[in-house]
Amino acid sequence: MSGSSRDISPHSQAGKVLSSLRLRPMSNIELVSELNIAHPPASVRDLRRSGIDIQTREHPHPSKSGEKIKRYHLMSER
């Protein structure tokens, strides 16, 4: 990938992940179930390599008390 979010096709898996992260933080499971992303970590890796700042943060699990899930947060685009 090149050095800008403008170079990412909105129809690619990375583009779909980026569009969704612009709206809200998302977990791997959310990206798979809601967007049909085959392997979210690969898309996030590609976005990071293109210069997009995505952080992974822990959140309380929505249905399992005391457990945590990780969600991707879009911090900035170049």
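Which strand does S27 lie in?

## Strand 1 and S27

S27 belongs to strand 1, which covers residues 26-27. The model shown here is predicted.

Is S27 buried or exposed? Its relative accessibility is 7%. Buried means under 20%, so S27 counts as buried. Set aside the neighbours within four places in sequence, and S27 is in contact with I69, K70 and R71. Strand 3 spans residues 68-76.

## Helix 3 and its cover

Helix 3 runs over residues 40-49. Which of its residues are buried? They are P40, A42, S43, V44 and L47.

Next comes the stretch just after helix 3. There, G51 takes a positive phi of about 100°.

## Strand 2 and D53

Now look at D53. This residue is in strand 2, which holds residues 53-60. D53 has a relative accessible area of 31%. Buried needs a value under 20% and exposed a value over 50%, so D53 is partly exposed.

What does D53 touch, not counting residues up to four places away in sequence? The contacts are H73, L74, M75 and S76.

D53 and G66 are 13 residues apart along the chain. Their C-alpha atoms are separated by 29 Å.

Methods. Residues numbered from 1 in each chain as written. Predicted model: local features only at pLDDT ≥ 70, side-chain atom pairs only at ≥ 80, totals over all residues. Heavy atoms only, no water. Helix = DSSP H or I, 4+ residues; strand = E, 2+ residues; numbered from the N terminus. Buried < 20%, exposed > 50% of the residue type's maximum accessible area, 1.4 Å probe, protein only. Contact = heavy atoms within 4.5 Å.
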